[in-house]
Amino acid sequence: MHSPDKILSIDVGTQSLRALVFDRDGRLLNKVQLHYPPYQQPQPGYCVHDAQMFWQSLQNACQQLWQQGTDSADIAAMSVTTQRGSLVPLDIEHQPLSPLCLWMDQRKADGLPPMPWWWRWAFTLRGVRSAVTGFRRNAFSNWLALNHPETSKKVASWVFLSGYLHLCLTAKRVDSVASQVGYIPFDFRQQRWAHKWSWKWSALTMRPEQMPDLVAPGDLIGAITDKASELTGIPAGVPVVASGADKACEVIGSGGQGSDVASLSFGTSASVNVCGDQYRESVAHMPAYPSVIPGQFCYEVMLNRGFWMVSWFKQQFGLEEVLKAEETDGHVEALFDALVDKVPPGSMGLMLQPYWGAGIREPGPEAKGAIIGFGDIHKREHIYRAILEGISFGLKEGLQKIEKRSRRKINRLYISGGGSQSDAAMQIAADIFGLPAHRPHTNETSGLGAAMACATHLNWYPSMRDAVEKMSHVDAVFQPNPVNQQVYQRLYREVYQQMYPKLQPLYRTIRDITGYPD
């Protein structure tokens with residue numbers, strides 16, 4: 001009798017959805033990637049999409065997998081990993097009441113009624129009043145209640161995109177603990193919904209009965225329904241397994257487990273993550289997020305626009321390489337690496353501060369990007385190398401915060417995301433961090449992390465840690481160059497770390513004079 005031995009991962013990003021088929025060794029056997037229409041910005045600060053468009057894309061991607069030769073009968077289990085923090089309100093029939101509010105949305109809920117006096121008094125005593133105010137202002141549920149109260153009254157369920165897709169696949173309102181990242185009444189320390197007496201229920205217009213049931217990564221969400229099977233081609237009854245949000249899956253998919261390991265993501269939002277067994281906040285009042293390894297936490301610092309800056313450079317200055325790559329069917333990243341090789345470490349005096357997208361806490365919302373040190377010797381290649389160096393400087397600063405708060409020393413880097421395909425970016429990271437940088441065998445690390453959760457559920461491996469060890473493999477290791485490392489150490493200490501404190505007052509003045517938005 002035929003025994004299914006493949007895993008289907010659905011990785012739902014901001015710009016595209018990928019349907020991925022893995023074997024039990026973590027090898028990628030087939031892939032379908034579908035790009036969406038651009039997200040909508042009907043007003044300044046809005047970033048929304050049609051939630052049902054993601055469900056339709058999932059259906060189309062799966063159908064293409066079967067058309068390309070993957071046998072749906074081989075699928076033993078599947079999991080869904082999605083962009084974090086994208087929230088949708090559903091009515092009693094589980095239909096979206098408004099467009100999906102993407103994680104990039106910048107709407108603020110201003111004019112909220114004050115919380116009860118005892119909570120305000122407690123927040124003042126603990127010095128967190130400003131953090132709580134920011135939490136309330138950033139919550140989409142609060143914005144909806146203020147601006148569309150009739151719609152808010154109809155909300156029967158609040159779910160992230162992962163929970164919505166689980167509902168479409170299994171007809172069950174269930175989500176993973178490791179997918180809960182955002183302005184919701186979640187207790188990050190205990191990894192469960194907040195206690196009924198928690199201040200978060202007073203701070204938000206959400207109620208306990210509106211929230212989905214939560215299960216641990218590796219546990220069962222539900223099974224594919226007959227209706228979902230008809231639409232997707234996935235056999236009815238295939239188990240849908242809880243994994244986690246894309247960043248959490250990316251960490252384990254890259255092999256980034258271990259007390260001395262940091263996982264870097266060279267993606268649209270660049271980040272550095274370290275996993276640990278204790279709850280610690282890398283930045284004050286910014287929670288440690290649930291890991292896909294049950295009971296663990298991800299200590300994270302993020303650069304909001306990260307390797308988006310590389311895309312920006314490509315659009316603004318890289319037409320020559322883009323056209324050449326199209327003519328030769330080559331990779332544009334390899335041509336950009338050739339640009340980097342023309343320039344010595346330090347980009348002949350150019351230093352970049354990578355705050356192209358402002359932070360929530362550190363740096364503050366007034367932060368902007370900056371490049372200093374221009375002279376008449378500088379060309380495109382200097383700017384490009386300065387971008388790669390600036391991103392690694394910013395992530396190094398984040399890692400130092402994590403090391404300080406977690407009281408541990410990192411000795412290895414595991415780097416994933418689209419930017420990790422650049423040898424130049426990998427070598428620069430190794431030199432700036434002064435640590436060996438490991439590149440995993442596949443770029444689809446979020447999908448692989450979700451597959452690891454499935455493999456654990458199927459008892460292919462006794463634990464998530466074992467699945468990570470067996471299914472993640474190293475493609476290449478970049479060792480730091482001692483000479484370059486010395487140059488970068490001085491630039492980091494003597495220049496980079498001085499830039500933001502000196503420029504911060506100017507950013508505020510620019511904002512006041514020109515009205516440049518936060």
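Modeller: The model is predicted, and what follows is computed from it. Rolling a probe the size of a water molecule over the atoms shows where empty space is left. Searching the whole structure in this way gives 3 cavities of 30 Å³ or more. The largest cavity has a volume of about 60 Å³.

Its lining is made up of Arg84, Ala178, Val181, Ala245, Lys247, Ala248, Asn273, Tyr289, Pro290, Cys298 and Glu300. Three elements each supply at least two residues of that lining: helix 9 (246–253), strand 17 (289–290) and strand 18 (297–303). Sorted by class, the lining of the largest cavity holds 7 nonpolar, 1 polar and 3 charged residues.

Helix 1 (51–67), helix 6 (161–170) and helix 8 (226–232) are the elements that give two or more residues to the lining of the second largest pocket. By class, that pocket lining has 8 nonpolar, 4 polar and 2 charged residues.

Now the chain that holds both sites. The protein chain has 17 helices and 23 strands. Its radius of gyration is 23 Å, close to the 24 Å that the globule rule gives for 518 residues, so the chain is as compact as a globular protein of that length. The C-alpha trace spans about 65 × 65 × 45 Å along its principal axes. Of the 518 residues, 55% are buried. Among contacts with a separation of 6 or more, 70% are between residues 24 or more positions apart. The accessible surface of the chain is about 22500 Å², and carbon and sulfur atoms account for 51% of that surface.

Helix 3 (residues 129–138) gives an example of burial. Ala131, Val132, Gly134, Phe135 and Arg136 are buried in this helix. The cover over the buried residues of helix 3 includes helix 2 (117–126), helix 4 (140–147) and helix 7 (199–203).

Most residues other than glycine have a negative phi. Gln191, which is not a glycine, has a positive phi of about 55 degrees. Gln191 sits in the loop between strand 10 (186–187) and strand 11 (192–193). With a relative accessible area of 15%, Gln191 is buried, because the cut-off for buried is under 20%. Arg407 also has a positive phi, near 55 degrees, and is a residue other than glycine. Arg407 is in the loop between helix 13 (380–406) and strand 21 (412–416). Arg407 has a relative accessible area of 65%, so this residue is exposed, the cut-off being over 50%.

To return to the request: the largest cavity, at about 60 Å³, has a lining to which helix 9, strand 17 and strand 18 each supply at least two residues, and 7 of the lining residues are nonpolar.

Note on methods: Residues are numbered from 1 along each chain as its sequence is written. This is a predicted model: local features need pLDDT of at least 70, side-chain atom pairs count only at pLDDT 80 or more; totals for chains, interfaces and linings use all residues. Side-chain values use heavy atoms; hydrogens and water are left out. On a 1 Å grid over the protein atoms alone, a cavity is a set of points where a 1.4 Å probe fits but cannot get out, and a pocket is an open set with protein on both sides within 12 Å along at least five of seven lines; lining residues have an atom within 4 Å of a point. Grid points are joined across faces, edges and corners, and a volume is the space filled by probe spheres set on the points. Helices (H or I, at least four residues) and strands (E, at least two) are DSSP runs, numbered from the N terminus. Ala, Val, Leu, Ile, Met, Phe, Trp, Tyr, Cys and Pro count as nonpolar, Asp, Glu, Lys and Arg as charged, and the others, Gly among them, as polar. The radius of gyration is taken over C-alpha atoms; the globule rule is 2.2 Å times the number of residues to the power 0.38. Buried means under 20% relative accessible area, exposed over 50%, partly exposed in between (1.4 Å probe, protein chains only). Contact means heavy atoms within 4.5 Å. Accessible areas come from the Shrake-Rupley method with a 1.4 Å probe; for residues, only the protein chains shown count as cover.
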